[in-house]
Amino acid sequence: MSEKKSSFDDCFLVRKETDTTGFYGNSAIQKAYFIGAYAKAVINHSFFSPVSKGNVTFKNWLSGQIINYRNLDRIFEMAFRYEQKLKLRIRNDSEVRKLAHETPESKSRGISGSKITYAFVAGFDDYGKFSKAEQAKENE
């Protein structure tokens, strides 16, 4: 009997279902959430890069960025570039990258920059928790 492999999308669906405000129903918010998760995955794995151990270049670059709707694509592109350059083997990389990349674009009309930032940080934090839980399962 094999244990079902958890996915980050399941983590997001739990967040979305427990959200009573409907905040995570907007695709612009979802895109920010998934790009935040992808950025966290790249940061986590950059430190253990086979090309450059202890690499914090992407983390430093990201800390100087303004997190808003117009910058989301740029952040995604830089995360992807670092993933390729550092030859990262991000666990669930295809899933997190795919979620960030394939979430449909939407008009950001009526969505404040602070809501985009909040969603980005929520995805960033949730991926950190998700990856720790996955690591704990693997260690058992």
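The entries below go through helix contacts and then ring pairs.

**Entry 1: ground rules.** I'm working from a predicted model, where local features need pLDDT of at least 70, side-chain atom pairs count only at pLDDT 80 or more, and totals for chains, interfaces and linings use all residues. Residues are numbered from 1 along each chain as its sequence is written, and side-chain values use heavy atoms, with hydrogens and water left out. Helices are DSSP runs (H or I, at least four residues), numbered from the N terminus.

**Entry 2: α1 against α6.** I began with helix α1 (residues 8-18) and helix α6 (residues 113-139), whose axes come within 11 Å and cross at roughly 125°. My axes are lines fitted to C-alpha atoms over the stretch in contact, with angles from 0 to 180 degrees between N-to-C directions. The two helices are therefore oblique to each other; under 35 degrees would count as roughly parallel, over 145 as roughly antiparallel, 65 to 115 as roughly perpendicular, and the rest is oblique.

Next I listed who touches whom, with contact meaning heavy atoms within 4.5 Å. From α1 come Phe-8, Cys-11 and Arg-15, and from α6 Tyr-118, Ala-122, Gly-123, Asp-126, Tyr-127 and Phe-130. I sorted them by class and got six nonpolar, one polar and two charged residues. For the classes, Ala, Val, Leu, Ile, Met, Phe, Trp, Tyr, Cys and Pro are nonpolar, Asp, Glu, Lys and Arg are charged, and the others, Gly among them, are polar.

**Entry 3: α1 against α2.** Here the axes come within 12 Å and cross at roughly 135°, which makes α1 oblique to α2. I noted a right-handed crossing for α1 and α2. On the α1 side the contact uses Phe-8, Asp-9, Cys-11, Phe-12, Arg-15 and Lys-16, and on the α2 side Gln-30, Tyr-33, Phe-34 and Ala-37. That contact has six nonpolar, one polar and three charged residues.

**Entry 4: α2 against α4.** The axes of α2 and helix α4 (residues 72-85) come within 10 Å and cross at roughly 25°, so I put α2 and α4 down as roughly parallel. Their crossing is left-handed. Among the contact residues I jotted down Ile-35 and Val-42 of α2, and Leu-72 and Phe-76 of α4.

**Entry 5: rings.** I found 17 aromatic pairs in the structure. Rings of Phe, Tyr and Trp (its six-membered ring) pair if their centres lie within 6.5 Å, and planes under 30 degrees apart are stacked, over 60 edge-to-face, the rest tilted.

How are the rings of Phe-12 and Tyr-24 arranged? Their centres are 6.2 Å apart and their planes at 80°, so I logged the pair as edge-to-face. Both Phe-12 and Tyr-24 are buried (under 20% relative accessible area; exposed is over 50%, partly exposed in between, with a 1.4 Å probe and protein chains only).

Phe-58 and Trp-61 are stacked, at 5.8 Å centre to centre and 25° between the planes. They sit three residues apart in helix α3 (residues 57-63), about one helical turn. Phe-58 is buried at 1% relative accessible area, and Trp-61 counts as buried at 17%.

**Entry 6: cluster.** Last, I traced ring pairs linking Phe-8, Phe-12, Phe-23, Tyr-24, Tyr-33, Phe-34, Tyr-118, Tyr-127 and Phe-130 into a cluster.

Key: Left-handed = near helix turned anticlockwise from the far one by under 90°.
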